[in-house]
Amino acid sequence: MIFKIIFCSIVWSFCGALFLIIVGVLDEFDDFSFLNPIKIYKTYRVNYFGAALICIIYNLLCPIGSIGYWIYKICTFGRE
């Protein structure tokens, strides 16, 4: 049972990461910054609610990638 859950989580993260990488390449993002609502707001023509909703959807598509990105952002907060 636990192996099925782990396997589904890995497949879910892999498929989501593949989708998000394709989105990032098409929209010319140079890193995982498309998980950031500020970058989404500046790139797409959406309001704040739309940017937050897209951010939540993108972060749910690839949970492992989004955890890594947000840990990176927390560790480099305040640096240029």
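Which residues does Val-23 touch, not counting residues up to four places away in sequence? Val-23 touches Tyr-44 and Tyr-58, where contact means that heavy atoms lie within 4.5 Å.

## Basis of the model

This is a predicted model, in which local features need pLDDT of at least 70 and side-chain atom pairs count only at pLDDT 80 or more, while totals for chains, interfaces and linings use all residues. Residues are numbered from 1 along each chain as its sequence is written, and side-chain values use heavy atoms, with hydrogens and water left out.

## Overall fold

The protein chain has four helices and zero strands, and from the N terminus on its elements run α-α-α-α. Here helices (H or I, at least four residues) and strands (E, at least two) are DSSP runs, numbered from the N terminus. The C-alpha trace of the protein chain spans about 40 × 25 × 25 Å along its principal axes.

Of the 80 residues of the protein chain, 28% count as buried; buried means under 20% relative accessible area, exposed means over 50%, and partly exposed lies in between, with a 1.4 Å probe and protein chains only. Among the contacts between residues at least 6 apart in sequence, 49% join residues at least 24 apart.

Val-23 is found in helix H1, and it counts as buried because its relative accessibility is 12%. The C-alpha atoms of Val-23 and Tyr-58 are separated by 9.9 Å, although the two residues are 35 residues apart along the chain.

Gly-16 also has its place in helix H1, which covers residues 2-26, and Gly-16 counts as buried because its relative accessibility is 5%. When neighbours within four places in sequence are left aside, Gly-16 is in contact with Leu-61 and Cys-62. Ser-13 is likewise found in helix H1 and, at 7% relative accessibility, counts as buried. With its neighbours within four places in sequence left aside, Ser-13 is in contact with Cys-62, Pro-63 and Ile-64.

## Ser-66 in helix H4

Ser-66 lies in helix H4, and it counts as buried because its relative accessibility is 7%. Not counting residues up to four places away in sequence, Ser-66 touches Leu-35 and Asn-59.

## Aromatic pairs

A pair of aromatic rings is described by the distance of the centres and the angle of the planes. Rings of Phe, Tyr and Trp (its six-membered ring) pair if their centres lie within 6.5 Å, and planes under 30 degrees apart count as stacked, over 60 as edge-to-face and the rest as tilted. By this rule the count comes to two aromatic pairs. Tyr-41 and Tyr-48 form a stacked pair, at 4.6 Å centre to centre and with 15° between the planes. Tyr-41 counts as partly exposed because its relative accessibility is 35%, whereas Tyr-48, with a relative accessible area of 63%, is exposed.

Tyr-69 and Trp-70 form an edge-to-face pair, at 5.1 Å centre to centre and with 75° between the planes. Tyr-69 counts as buried at 7% relative accessibility, while Trp-70 is partly exposed, with a relative accessible area of 29%.

## The largest pocket

The largest pocket has a volume of about 320 Å³. Of the 16 residues that line the largest pocket, the closest to its centre are Asn-36, Tyr-69, Tyr-72, Lys-73 and Thr-76. The elements that give two or more residues to this lining are helix H2 (37-43) and helix H4 (63-75), and the largest share, five residues, comes from H4. The lining residues divide into six nonpolar, four polar and six charged, where Ala, Val, Leu, Ile, Met, Phe, Trp, Tyr, Cys and Pro count as nonpolar, Asp, Glu, Lys and Arg as charged, and the others, Gly among them, as polar.

On a 1 Å grid over the protein atoms alone, a pocket is an open set of points with protein on both sides within 12 Å along at least five of seven lines, and lining residues have an atom within 4 Å of a point. Grid points are joined across faces, edges and corners, and a volume is the space filled by probe spheres set on the points.

Conventions
On a 1 Å grid over the protein atoms alone, a cavity is a set of points where a 1.4 Å probe fits but cannot get out, and a pocket is an open set with protein on both sides within 12 Å along at least five of seven lines; lining residues have an atom within 4 Å of a point.
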